[in-house]
Amino acid sequence: MERYKILLKELLCLAIGTTLMAAAVNWIYEPLDMVTGGLSGLSIVIKSLSYRLSGIAFPVWISNFVLNIPIFIWGIFIKGKEFIAKTLFANTVFSMAMYIMPVVDTGKHDYLLASVVGGVLTGLGLGLVFATGYSTGGTDLLSTIICRYFPYYSVSTVLFVVDSLVIITGAVVFGLYISFYAVIAVFVASSVMDYILSGGKACKQVLVISPQYEEISRRVFAEMHRGATLIEAKGMYSNNSRPMLLCVVAKKEIAKLTGLVKNVDKNAFVIISEIREVFGEGFGQNRQ
């Protein structure tokens, strides 16, 4: 019974996510000729070119579905039947939603607002889809397959290259002006998607090397109510032991922490890095 509940939840997330993505295509990207990458972006290019050459605009939803067919067939041998089945479900809902939803003529006025709204819709949709561990197919699946044959490249690198080629194609067909706003939409979508996938729990990891580590640790606990972990490190140049503090704080606390460290030791060596997600003691929902 529990297995069916999980399956239903996954399918619901896939359906809602792909519907939001379809709304972005039909209400923002297609009416404004905004190519943001992916096979849906390539389908917008195909629609425009088919109309220019033959006077018949090939529907975006059909192109998107047809272009995915060889990728899905190829993917069965790489990702397995279960992954492909759920990804095929997501892509089918995506294509059908684009077919059902009317293409809205928003008027070619505020491209900036349109790119932000489109990016938010796409980011929400992708976040829900990727949270299930699956995808909508397209260039995401294609990049995963390519990496099986070229393992020295990461999936993100291949996806960037593939989507960049689609965006460049859009720039050639529709001009650089619109493509500039397409890039903004991609940035917004990526930011929204990352926020959803991290659950809003992205934090900062701070490494502090200072002879005043005990005082820094004491003040972090007393003033910020955060803990610190002592790591025994060794400087390879000096060959001396250098105690290092590891602290994890919410993004909004990073300025307070760095200020605290500088007040104790202005010469402290500090390294700050991004953490996608953190959970556990001290990082409950109320602390964020």
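Two strands are counted as paired if DSSP finds at least two bridges between them; strands (E, at least two residues) and helices (H or I, at least four) are DSSP runs, numbered from the N terminus. The model is predicted, so local features need pLDDT of at least 70 and side-chain atom pairs count only at pLDDT 80 or more, while totals for chains, interfaces and linings use all residues. Residues are numbered from 1 along each chain as its sequence is written, and side-chain values use heavy atoms, with hydrogens and water left out.

Strand β1 (residues 203–209) is paired with strand β3 (residues 241–250) in the antiparallel sense, over seven bridges. Within this pairing, Val206 has Cys247 of β3 as its bridge partner. The open sheet consists of four strands in the order β2-β3-β1-β4, with antiparallel pairing. Its edges are formed by β2 (229–234) and β4 (269–275); each has a single partner strand, so one side of each is left without a neighbour in the sheet. From one strand to the next the twist averages 25°. Helix α9 (residues 213–224) packs on the sheet and touches β1, β2 and β3, its direction making about 15° with that of β3. For such angles, axes are lines fitted to C-alpha atoms, for helices over the stretch in contact, and values run from 0 to 180 degrees between N-to-C directions. Contact means heavy atoms within 4.5 Å.

A nonpolar core is defined as a set of buried Ala, Val, Leu, Ile, Met, Phe, Trp, Tyr and Cys residues joined through side-chain atoms within 4.5 Å. Buried means under 20% relative accessible area, exposed over 50%, and partly exposed in between (1.4 Å probe, protein chains only). The largest core holds 42 residues, of which Tyr29, Met34, Leu141 and Phe174 touch the most other members. Two or more residues of this core come from each of α1 (2–29), α2 (38–54), α3 (60–79), α4 (81–100), α5 (111–131), α6 (138–149), α7 (155–174) and α8 (176–197). Helix α1 gives the largest share, eight residues. Beyond its neighbours within four places in sequence, Tyr29 is in contact with Ala24, Met34, Thr36, Ile44, Gly118, Gly119, Thr122 and Ala185. Another core, of 13 residues, lies apart from the largest one and includes Val208, Met224, Cys247 and Val249.

Six salt bridges are found in the whole structure, each being a side-chain nitrogen of Lys or Arg within 4 Å of a carboxyl oxygen of Asp or Glu. In one of them, between Glu10 and Lys86, the closest N and O atoms are 2.7 Å apart. Glu10 lies in helix α1 and Lys86 in helix α4, so the pair ties together parts that are 76 residues apart in sequence. Both Glu10 and Lys86 are buried.

Arg218 and Glu215 form a salt bridge, with 2.7 Å between the closest N and O atoms. The two residues are three apart in helix α9 and are therefore separated by about one helical turn. Arg218 is partly exposed at 46% relative accessibility, as is Glu215 at 30%. A salt bridge also joins the side chains of Arg226 and Glu253 (3.0 Å, N to O). Arg226 is in the loop between α9 and β2 and Glu253 in the loop between β3 and α10 (254–264), 27 residues apart. Arg226 and Glu253 are both buried.

Asp33, in the loop between α1 and α2, has a positive phi near 55° and is not a glycine. His225, also not a glycine, has a positive phi of about 55°.
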